[in-house]
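Here are some notes to go with the model, written to be read with the viewer open.

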Amino acid sequence: MACQCGGGCGTDYGTPARVSEKLVTLEIDGIEVSVPEGTSLIRAAAEAGVQVPKLCATDSLEPFGSCRLCLVEVEGRRGYPASCTTLADNGMKVHTQTPKLAEIRRGVMELYISDHPLDCLTCSANGNCELQDMAGVVGLREVRYGFDGENHLKDKMDLSNPYFAYDPSKCIVCNRCVRACEETQGTFALTIDSRGFDSRVSPGQMEAFFDSECVSCGACVQACPTATLMEKSVMDHGQADHSVVTTCAYCGVGCSFVAEMKGDQVVRMVPDKDGLANHGHSCVKGRFAWGYASHPDRITKPMIRAKISDPWREVSWEEAIGFAAERFRHIQAEYGKGAIGGIVSSRCTNEEDYLVQKLVRAAFGNNNVDTCARVCHSPTGYGLKQTLGESAGTQTFDSVMQADVIMVIGANPTDGHPVFGSQMKRRLREGAKLIVVDPRAIDLVKSPHVQADYHLKLRPGTNVAVANALSHVIATEGLVDEAFVAARCETKEFNDWKNFVSEQRNSPEALEAATGVPAQEVREAARLYANARNGAIYYGLGVTEHSQGSTMVMAIANLAMATGNIGRLGVGVNPLRGQNNVQGSCDMGSFPHELPGYRHVSDDAARSLFEGAWGVKLDKEPGLRIPNMFEAALDGSYKGLYCQGEDIVQSDPNTQHVIAAMEKMECVVVQDLFLNETAKYAHVFLPGASFLEKDGTFTNAERRISRVRQVMAPLGGYGDWEATVMLSTAMGYPMHYNHPSEIMDEIARLTPTFHGVSYEKLDELGSIQWPCNEHAPEGTPIMHIEEFVRGKGKFFVTQYVPTDEKVTQKFPLILTTGRILSHYNVGAQTRRTSNTAWHPEDILEIHPHDAEERGIENGDWVGIQSRAGETVLHALVSNRMQPGVVYTTFHHPFSGANVITTDNSDWATNCPEYKVTAVQVVKVTQPSEWQQRYRQFSAQQDDLLKQRETVKAQ
Ligand code: SF4
Ligand code: SF4
Ligand code: SF4
Ligand code: FES
């Protein structure tokens with residue numbers, strides 16, 4: 001069972017677990033214990049229930065052997081070996097408690113304490129400090145050396161990091177922080193400066209933490225056994241009094257956290273050692289960027305207004321829901337049943353997503369429901385379903401530790417999926433080879449102790465050409481895994497594919513002019529991947545957000561099948577899902593053509609199953625996708641929208657087009673934490689609940705379903721699911737649930753891949769990777785082992801069709817977009833935390849050559865114009881770019897990154913082509929017209945919010 005104890009740590013075994021089929025048996029303090037070969041004595045002792053005192057050892061890090069506190073006696077051996085660095089062996093007889101050991105340990109502790117402030121009672125770690133604990137354990141009663149000798153007690157604190165403090169006066173130089181930064185995080189930001197008594201932990205070259213390479217993941221804080229590295233939130237609030245295990249609500253890694261609480265106040269979020277996606281690691285967002293939940297901008301009372309130019313009016317939940325339902329009914333009466341719909345967010349829980357699609361289908365009576373996965377990974381759903389038979393990634397994250405060759409395509413794991421990025425870097429440091437396919441030199445291309453073997457620096461928009469060129473080499477150089485293909489794949493489709501990619505026009509040489517990637521590099525990269533014992537592909541939005549997004553997903557599946565890299569550990573096709581619950585929102589039937597479990601609405605059997613359960617007739621015609629909703633709004637046939645947790649005005653492409661559509665609607669209901677960009681166009685605002693206020697589940701990029709547990713009551717009084725229930729009931733379709741677990745029970749009843757899922761089982765197992773059913777009662781870590789979900793794997797011919805978005809004389813550069821570590825998506829949450837210290841604005845990265853040609857220098861204001869619009873950002877001249885390509889992030893609404901992106905989209909799914917926009921960049925002196933209008937409109941909306949009347953009696 002996952003740790004629920006609240007300590008967030010459980011037993012610390014001193015050194016990491018070892019895996020070996022060979023066991024060794026020894027005796028520790030008279031207790032016989034058998035452990036895998038390679039296990040340390042300290043761990044063997046812990047497994048026998050014997051705790052050996054320690055300071056420099058912890059089970060998340062390799063042993064270091066510096067503190068000398070863990071010494072033991074081994075019969076027949078001289079001296080007192082350190083139990084953290086001595087391996088267990090057959091027949092050993094070990095003693096951990098003898099008078100001599102007690103004397104040595106007290107001596108060691110005396111030395112530490114003589115150079116340590118004696119302020120335990122006022123120290124923020126009081127009650128949670130290993131040094132304090134060890135002083136007690138060894139029975140330290142006096143410090144014979146006194147406290148007047150040379151010491152570090154006056155060393156200055158470093159408070160530069162927004163989230164944690166470094167107080168060198170408390171440092172015992174155990175090196176745990178340095179090792180955590182290296183081994184766990186892989187950033188190598190810390191060293192021990194100087195030697196002997198002068199040794200000090202140093203970020204970079206004795207820099208402040210904030211100015212160093214540190215990415216604020218918190219691993220060093222977690223590892224520190226003293227109060228030297230300490231969360232500022234703990235310094236402010238004191239130690240927690242209880243805790244709850246929950247799941248991070250930012251990215252698709254789905255890290256498990258122990259929320260340490262004092263009453264209703266979060267004291268800190270500690271990454272959960274038992275978390276199967278993160279194994280006790282975290283990034284700056286999940287670890288520290290949770291303060292938005294109690295930000296003063298939170299709106300906690302429902303509000304309504306007749307027109308978007310009116311001030312908001314605070315009303316009761318009943319009035320707000322009644323107002324929305326009345327307007328929706330009126331719209332349907334006047335414009336037809338299909339004139340309203342809903343959009344759900346991949347930030348919401350599975351249960352919330354399920355209920356919104358049920359509301360739309362059962363209460364609204366149409367299929368006009370869509371999710372923000374439309375604009376990120378809808379091509380993954382389509383492409384993997386077609387080729388492999390299931391719309392999901394094939395592996396666990398841990399599978400990467402068995403990969404010998406890793407190919408990363410259009411993804412930036414160290415920024416977008418940082419905890420998995422750290423795991424991948426660990427595997428790369430162990431010797432796995434790396435191929436990066438990306439227009440930009442992402443961190444993985446070259447970072448401490450990691451260097452890509454090949455960086456295929458393609459032109460944006462040419463993914464499919466590169467995949468075809470890689471396939472050409474595999475097909476024509478005899479690198480196909482013929483046995484795998486013959487046994488596991490459809491023969492005709494494979495032959496069609498092979499003939500197609502073997503054509504000369506698909507050779508690396510023929511495609512070099514289009515892709516910009518030297519043919520020889522493509523050839524070598526293809527050989528490396530195809531010859532790998534285990535080759536794994538990881539990809540992201542740089543694959544999907546293209547006019548050929550779905551084609552590229554199929555091309556990736558083709559590559560994996562052709563080389564037999566699927567169906568076992570270390571291989572596979574692994575989409576790195578953007579937000580925390582992209583996988584889940586797709587699984588839950590949030591697309592307009594699919595019921596939960598990816599069953600098409602035209603499938604009579606599936607529809608009648610839901611009709612029976614829901615007691616209502618369902619529409620068999622697919623509903624509107626998000627872009628179709630905008631089109632329909634503009635042509636006057638779509639008038640009402642329920643938008644839960646999604647900010648379409650900031651996140652969808654071609655902002656001006658989106659705004660024009662929003663302005664045409666008669667009833668927009670937004671349910672969110674803040675007055676986001678979409679809410680500025682809304683008529684009803686329903687307070688949303690943050691992840692800390694929710695009960696439910698998220699499904700991460702590995703199909704892992706994890707519990708989200710409420711740590712505080714919803715500030716708005718109701719959970720998001722309850723608001724949906726109220727709206728449905730007011731629309732004439734009552735829903736009856738007492739708790740989200742009952743919603744999951746319904747999902748499990750109706751969805752074959754979820755048949756075995758329940759909150760009880762999640763509590764028992766910690767988390768579950770679907771499919772979880774009669775065939776796989778504890779879930780399915782690796783998919784397609786014996787056969788593909790669709791039976792035989794199906795190759796598709798992936799013709800490269802260049803995008804319509806071409807560079808011209810007027811727009812000679814290509815803009816591509818991406819994310820940055822410190823922010824997530826529209827930034828509504830991270831912008832309301834201290835993460836803004838790292839990234840206060842979106843900037844435009846431009847190659848020195850393009851910058852020089854335009855007279856642009858670092859920090860200049862530059863106007864970026866496309867055929868859709870214009871915006872202005874500060875410039876950063878960067879060699880990470882290739883000439884002809886510029887790059888920005890999209891986390892700040894004023895940046896208007898999506899004012900420039902166009903409404904080109906993927907041919908199969910309408911996923912927008914965010915990654916390719918032809919632009920011109922020029923030096924300017926002021927914000928664009930759109931930005932000036934945006935400022936004015938936002939100021940007006942802020943005023944209208946301030947004018948809200950408070951309803952006295954509710
Ligand atoms: S800062 Fe903490 S973890 Fe690092 S060496 Fe000092 S006491 Fe050890
Ligand atoms: S916070 Fe993370 S990156 Fe920064 S020094 Fe600590 S371990 Fe390294
Ligand atoms: S943002 Fe992603 S990587 Fe970071 S803590 Fe949350 S789930 Fe983990
Ligand atoms: S814990 Fe073994 S030497 Fe420090």
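1. The crossing of α13 and α17 is right-handed (the near helix is turned clockwise from the far one by less than a right angle). The axes of α13 (residues 463-476) and α17 (residues 519-531) come within 9 Å and cross at roughly 65 degrees. Axes here are lines fitted to C-alpha atoms over the stretch in contact, with angles running from 0 to 180 degrees between N-to-C directions. Helices (H or I, at least four residues) and strands (E, at least two) are DSSP runs, numbered from the N terminus.

2. A word on the source: this is a predicted model, in which local features need pLDDT of at least 70 and side-chain atom pairs count only at pLDDT 80 or more, while totals for chains, interfaces and linings use all residues. Residues are numbered from 1 along each chain as its sequence is written, chains are lettered from A and ligands numbered from 1 in the order in which they are written, and side-chain values use heavy atoms, with hydrogens and water left out.

3. Which residues make the helix contact? From α13 come Ala469, Leu470, His472, Val473 and Ile474, and they meet Val522, Arg523, Ala525, Ala526, Arg527, Tyr529 and Ala530 of α17 (contact means heavy atoms within 4.5 Å). By class, nine of these residues are nonpolar, one is polar and two are charged. For the classes, Ala, Val, Leu, Ile, Met, Phe, Trp, Tyr, Cys and Pro count as nonpolar, Asp, Glu, Lys and Arg as charged, and the others, Gly among them, as polar.

4. Now the ligands, where a residue is near if one of its heavy atoms lies within 4 Å. Ligand 1 has 13 residues around it, with Cys171, Cys174, Asn175, Cys177 and Cys224 coming nearest. Its shell has nine nonpolar, three polar and one charged residues.

5. Around ligand 2 you will find Phe164, Cys181, Gln185, Leu190, Phe209, Cys214, Val215, Ser216, Cys217, Gly218, Ala219 and Cys220. Helices α4 (176-185) and α5 (219-223) each supply at least two residues of this shell. No charged residue takes part: the shell has nine nonpolar and three polar residues.

6. The shell of ligand 3 includes Cys248, Cys251, Cys255 and Cys283, along with Lys285 and Pro418. Two or more residues come from each of α7 (284-288) and α12 (418-429). By class, the shell has nine nonpolar, two polar and one charged residues.

7. Please look at the second largest pocket too, at about 1,000 Å³. On a 1 Å grid over the protein atoms alone, a pocket is an open set of points with protein on both sides within 12 Å along at least five of seven lines, a cavity is a set where a 1.4 Å probe fits but cannot get out, and lining residues have an atom within 4 Å of a point. Grid points are joined across faces, edges and corners, and a volume is the space filled by probe spheres set on the points. The pocket has 38 lining residues, and Val215, Asp415, Asp443, Ile820 and Leu821 lie nearest its centre. Helix α12 gives the most to this lining, with five residues.

8. Finally, the cavities: there are 12 of 30 Å³ or more. The largest has a volume of about 400 Å³, and Gly410, Ala411, Gly542, Thr817 and Lys915 are the closest to its centre among 29 lining residues.
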